[in-house]
Amino acid sequence: MLTGKLLGDGNLSIEKGKRPRFRFSHSYADSGWCFHCYETLKAHIPLSKPKYRRISDNRIEAGYTEQFYVQSKLSPLFDSLLPLWYKERTKCIPFPLLEQVINPLALAWWYQDDGHLKIQNNAPKKIILSTDSFHQKENRFLIELLYTQFKLHFKLDGQNRLVIYDQKQILLFLRIVHPYIHHSMKRKMLSPSESEITFHDYKRTSIHIPIQIRIKKPTQDIRDVINKSMNLNPLSLYESYFSLSNTNEMRIRKSYQIVLTRKHQEFLDLIKRETGMNMSEAVSTMLTLNIHSNRKRL
């Protein structure tokens with residue numbers, strides 16, 4: 001949690017002759033998130049209660065901003081963290097530390113502090129992590145770290161921020177952080193659809209699979225491979241899809257008419273909701289993995 005805050009809105013005080021203190025502040029509108037961070041962290045580190053403050057700011061119409069500010073008491077922990085997170089009084093990325101401690105909880109706290117979800121026409125367009133205060137070298141390390149740990153493919157935009165544009169990647173990111181998102185930060189998540197999908201006992205549909213995958217009985221063969229894949233984690237299936245999508249194996253496709261049972265519809269819908277993969281992409285990945293598995297056994 002401290003890692004998430006220090007990547008985001010948190011900082012360590014640097015005053016000559018004084019030991020560092022950990023501190024963070026949030027706007028009055030985000031007081032729910034500020035108090036949640038305080039209540040959660042106070043069990044682990046010595047924190048003073050959030051304090052309201054009003055700051056003059058002539059750049060805005062009201063002439064001031066309102067926020068809640070939290071500061072820690074002294075602790076050997078912050079003495080140890082200061083030389084890791086700061087060089088020449090400037091915050092920097094502690095590479096070895098992050099490699100050890102970055103996890104979904106840290107990512108979620110970082111996102112709630114400094115992240116943004118852009119939605120257009122009810123569809124997610126991009127996720128931004130505001131890393132413009134770090135050097136490009138540090139941000140490239142973060143990109144590699146997030147790929148290594150979570151298979152997330154961030155890029156740098158023109159403002160030196162970490163950005164995801166791919167919808168499947170956005171859904172994967174939101175799935176990772178979802179368990180740790182506070183209700184006051186729901187604007188940074190997708191709203192649940194008001195209309196529920198209706199599943200039928202049997203549904204005829206079209207599916208597009210790579211042309212090199214030969215199937216004799218489309219409905220039966222595809223049902224069989226879905227049955228074999230029911231125990232797969234949607235995330236691992238997506239990782240396989242991403243690897244395959246960069247090869248020629250998935251590019252030229254042929255269309256088939258098939259009939260899916262309710263069980264198969266529900267499983268494919270689960271994959272779509274958790275990874276963004278459509279039915280054809282999911283089934284194509286299952287079929288390709290099944291072929292590779294059979295070859296290994298031979």
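This dialogue explains how to read several features of a predicted model.

Colleague: On what basis are the values given?

Modeller: The model is predicted, so local features need pLDDT of at least 70 and side-chain atom pairs count only at pLDDT 80 or more, whereas totals for chains, interfaces and linings use all residues. Residues are numbered from 1 along each chain as its sequence is written, and side-chain values use heavy atoms, with hydrogens and water left out.

Colleague: How many disulfides are there?

Modeller: A disulfide is a pair of cysteine sulfur atoms within 2.5 Å. By this rule the count is 0. For C37, the closest cysteine sulfur is that of C34, at 6.8 Å, which is too far for a bond.

Colleague: Is C37 buried or exposed?

Modeller: A residue is buried under 20% relative accessible area, exposed over 50%, and partly exposed in between (1.4 Å probe, protein chains only). C37 has a relative accessible area of 0%, so it is buried. C92 is also buried, with a value of 11%.

Colleague: Which residues of α5 and α6 make the contact?

Modeller: Contact means heavy atoms within 4.5 Å. From α5 come P104, L107 and W110, and from α6 come L142, L146 and F150. Ala, Val, Leu, Ile, Met, Phe, Trp, Tyr, Cys and Pro count as nonpolar, Asp, Glu, Lys and Arg as charged, and the others, Gly among them, as polar. By class, this contact of α5 with α6 has 6 nonpolar, no polar and no charged residues.

Colleague: Why can residues some places apart in a helix point the same way?

Modeller: An α-helix has 3.6 residues a turn, so residues three or four places apart point the same way.

Colleague: How many residues of α5 are buried?

Modeller: In α5, 9 of its 11 residues are buried, including W109, W110 and Y111.

Colleague: At what angle do helix α8 and helix α10 pack?

Modeller: The angle between α8 (residues 218-229) and α10 (residues 262-275) is about 60°, and their axes are 11 Å apart. These helices are therefore oblique to each other. Their contact is made by R223, I226, N227 and S229 of α8 and K263, H264, F267 and L268 of α10. By class, the residues of this contact of α8 with α10 divide into 3 nonpolar, 3 polar and 2 charged.

Colleague: What is H264 in contact with?

Modeller: H264 lies in α10 and is buried, at 3% relative accessible area. Leaving aside neighbours within four places in sequence, H264 is in contact with R223, I226, N227 and M230.

Colleague: Which value does phi of R89 take?

Modeller: Phi of R89 is near 70°, a positive value in a residue other than glycine. R89 is in the loop between β5 (86-87) and β6 (90-91) and is exposed, with a relative accessible area of 60%. K151, also not a glycine, has a positive phi of about 60°. K151 is in the loop between α6 and β9 (155-156) and is partly exposed, at 28%.

Notes
Helices (H or I, at least four residues) and strands (E, at least two) are DSSP runs, numbered from the N terminus. Axes are lines fitted to C-alpha atoms, for helices over the stretch in contact, and angles run from 0 to 180 degrees between N-to-C directions. Angles under 35 degrees count as roughly parallel, over 145 as roughly antiparallel, 65 to 115 as roughly perpendicular and the rest as oblique.
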